[in-house]
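Colleague: I would like to learn how to read a model like this one. Can you take me through it feature by feature?

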Amino acid sequence: MLSPREESLLYALAKERYEGAGAIIDAGAFLGASTLCLGEGLRENPAFQSRKGENLPIWPPIHSYDLFVCPDDEFALRYFPQGTLPGHSIEDSFRRNIRDVSEWVAVHTGDIKKQSWSSGPVELLFVDLAKCWGTNRSVIELFFPALLPGQSLLVQQDFGTPYVPWVHVAMGYYANQFEALGMIGSSTVYRCRETPLSVDLRSIPLSQKLEYANIAMEQIGDQAVPSVVASKGMLLFMEESLEASLSYLREQRPRMAGNALGLEYLDLVDGMVRTWNIGSHLERDMSTKFERLAGEE
Ligand SMILES: C[S@@+](CC[C@H](N)C(=O)[O-])C[C@H]1O[C@@H](n2cnc3c(N)ncnc32)[C@H](O)[C@@H]1O
């Protein structure tokens, strides 16, 4: 879920930074908040207003991707009318919520892993569906090669999430291809330096993954420490063992002394890996819950 500052960020990027050189991708549109912010920014963008329609290389400029199905978790279910069940389509709600900007939006419904992109350059890439290795990889494969060196901007909304290590591994791996511009809320913002080639990051050794996560953290600075340090504990759990993860998380506690968010994230991941390990809870399937629903469509 976007914070108000992240909503303002998307609005400002579309209003003040978008030049009309390529598409705006909303990868993970859910009920439309991110698409709406981008569209409202475009409406106030003088360059867009003077060039819109046929004068832009890609029309419509905004491309919104999502499964558009109600997810299987209690938190998300609160956003839907009573009776909406996991797996039900929420595309109508999305379309209703973005109706004021819909003329500028192409809607791509379905699993991102089955989507394609051949419509040209991508000038602004907002990523909010990299919830597991598979979707992280799809975003890299589909859109990274279409980024414009020196111009395109990338927003990684989940960078501040403490249990998505693939995002941190990816941004460390691509540290030379992206200049970090900063972090707002959970979102990190980058400018593309050179076009990144897509690779299968999941298959690299754990030691390298941990190293890339460190590079991603250093590139952003202090603000990145809580989420990246904690997500390395998740990575150790996923690729080594519960014991390795718990012992790492314990070792990190002195480093987080005085850092309330850092301690909170260490506790969160500690709780998640213990729960997942005993296999008694819904969270166990968290990284794949969206895909299970997609499979049931
Ligand atoms: C946190 S929500 C996005 C929130 C949204 N950006 C906003 O502003 O409210 C994450 C979204 O990722 C989508 N998602 C997860 N896995 C996906 C997949 N394999 N293909 C397409 N969308 C996916 C989910 O359907 C969900 O709507």
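Colleague: What should I know about the model and its numbering?

Modeller: This is a predicted model: local features need pLDDT of at least 70, side-chain atom pairs count only at pLDDT 80 or more, and totals for chains, interfaces and linings use all residues. Residues are numbered from 1 along each chain as its sequence is written.

Colleague: How many helices and strands does the protein have?

Modeller: Helices (H or I, at least four residues) and strands (E, at least two) are DSSP runs, numbered from the N terminus. Here there are 12 helices and seven strands. The radius of gyration, taken over C-alpha atoms, is judged against a globule rule of 2.2 Å times the number of residues to the power 0.38. The protein has 19 Å, close to the 19 Å that the rule gives for 297 residues, so it is as compact as a globular protein of that length. Its C-alpha trace spans about 60 × 45 × 35 Å along the principal axes.

Colleague: What share of the residues is buried?

Modeller: Start with the cut-offs. A residue is buried if 20 or more other C-beta atoms lie within 10 Å of its own, exposed if 12 or fewer, and partly exposed in between; the C-beta atoms are placed from the backbone. Buried residues are 44% of the 297.

Colleague: Which residues of helix 6 are buried?

Modeller: Helix 6 covers residues 133–143, and nine of its 11 residues are buried. Among them are Trp133, Asn136, Arg137, Ile140 and Phe143. For the partners we need contacts: two residues are in contact if their C-beta atoms, placed from the backbone, lie within 7 Å. The buried residues of helix 6 pack against strand 1 (23–27), strand 4 (122–127) and helix 7 (165–173).

Colleague: In which sense do strand 5 and strand 7 pair?

Modeller: Two strands pair if DSSP finds at least two bridges between them. Strand 5 (residues 153–156) pairs with strand 7 in the antiparallel sense over four bridges. Gln156 stands opposite Thr188 there. Strand 6 (residues 178–184) also runs antiparallel to strand 7, joined by six bridges. Phe178 has Cys192 as its bridge partner, and Ile184 faces Ser187. Two residues lie between the strands of this hairpin, where Gly185 takes a positive phi near 60 degrees.

Colleague: Why is strand 7 called largely enclosed?

Modeller: Strand 7 (residues 187–192) has five of its six residues buried, so the rest of the structure largely encloses it.

Colleague: Where do the domains lie?

Modeller: Domain bounds come from an automatic or database domain assignment. Domain 1 is 4–203 and domain 2 is 222–295. Their centres, taken over C-alpha atoms, are 25 Å apart. In the interface, 20 residues of domain 1 are in contact with 21 residues of domain 2.

Colleague: Which residues touch the most other members of the largest nonpolar core?

Modeller: A nonpolar core is a set of buried Ala, Val, Leu, Ile, Met, Phe, Trp, Tyr and Cys residues joined through C-beta atoms within 7 Å. The largest has 83 residues, and Leu125, Phe143 and Val269 touch the most other members. Helix 9 (residues 225–239) gives the most to this core, with seven residues. Each of domain 1 and domain 2 supplies at least three residues. Leaving out residues up to four places away in sequence, Val269 touches residues including Pro162, Tyr163, Ala230 and Leu249.

Colleague: What does Pro165 touch?

Modeller: Pro165 sits in helix 7. It is buried, with 29 other C-beta atoms within 10 Å. Again leaving out residues up to four places away in sequence, its contacts are Ala213, Ser231, Lys232, Met234 and Leu235. Pro165 and Lys209 are 44 residues apart in sequence, yet 8.6 Å apart in space, C-alpha to C-alpha.

Colleague: How should I read the backbone angles?

Modeller: Most residues other than glycine have a negative phi, and most peptide bonds are trans. Phe30 has a positive phi, near 50 degrees. Phe30 lies in the loop between strand 1 and helix 2 (33–43), and with 23 C-beta neighbours inside 10 Å it counts as buried. Phe68 has a positive phi of about 50 degrees. Phe68 is placed in the loop between strand 2 and helix 4 (74–77).

Colleague: Which residues does the cis peptide bond join?

Modeller: Trp59 and Pro60, with omega about -5 degrees. Pro60 is in the loop between helix 3 (46–51) and strand 2 (62–66).
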